[in-house]
Amino acid sequence: MEVRPWQIVALATLCFIQAMHLLEVSVSAVLEGSSHANVVELAEFGIGGDDVTSVYEHLDITADIFGLMSVVVLMFGILLYRGQYLPAVRLTGTIYSAVGIIGLFFVAGSVDEGTAGATSADNIFQLLFTILLLAGFVSLFFGKSAKWVNEHRN
């Protein structure tokens, strides 16, 4: 049995948690769009657009993007857990997390912004979790975990 550095195990776990969160956002957008009455209410509040068509488009795009992001992060977690393609996962995950942080800083708002379920604490938690992911991916470039990644280049 091979012993992995704790950074890789912790990062794989964080990736699985993040993937489930992103999947929840995607499924939530699908469920919000499944009720025409709900979409009409969102349009009345100006969430996602001023008319029903733009709200449907907003929810569809949100579901697609967050669904794809969920798959990407899930693949990062699986590859980290299995110890495969670690140099590529380390680099791609670092770039992905950095872009995610930039996106969270500059793109304010979410699908449920303005509703009772939206809080600024959710956005802060999401930002801190993405910063933690970035720190995990960056940690794979230094120390014992970097040596282990370089030895397992398969």
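Tutor: Axes are lines fitted to C-alpha atoms, for helices over the stretch in contact, and the angles between N-to-C directions run from 0 to 180 degrees. In this predicted model, the axes of helix α1 (residues 6–33) and helix α3 (residues 52–82) come within 7 Å and cross at roughly 160°.

Student: Why are α1 and α3 called roughly antiparallel?

Tutor: Angles over 145 degrees count as roughly antiparallel. The crossing angle is roughly 160°, and α1 and α3 are therefore roughly antiparallel to each other. The contact of α1 with α3 comprises 22 nonpolar residues, seven polar and one charged.

Student: What is the handedness of the crossing in which α1 passes α3?

Tutor: The crossing of α1 past α3 is left-handed.

Student: What makes S97 a buried residue?

Tutor: Buried means under 20% relative accessible area. S97 has a relative accessible area of 1% and is therefore buried. S97 belongs to helix α4 (residues 86–106). Leaving aside residues up to four places away in sequence, S97 touches T130, L133, L134 and F137.

Student: What is noted about phi of Y85?

Tutor: Phi of Y85 is near 50°, a positive value in a residue other than glycine. Y85 is found in the loop between α3 and α4.

Note on methods
Residues numbered from 1 in each chain as written. Predicted model: local features only at pLDDT ≥ 70, side-chain atom pairs only at ≥ 80, totals over all residues. Heavy atoms only, no water. Helix = DSSP H or I, 4+ residues; strand = E, 2+ residues; numbered from the N terminus. Parallel < 35°, antiparallel > 145°, perpendicular 65-115°, else oblique. Left-handed = near helix turned anticlockwise from the far one by under 90°. Nonpolar A, V, L, I, M, F, W, Y, C, P; charged D, E, K, R; others polar. Buried < 20%, exposed > 50% of the residue type's maximum accessible area, 1.4 Å probe, protein only. Contact = heavy atoms within 4.5 Å.
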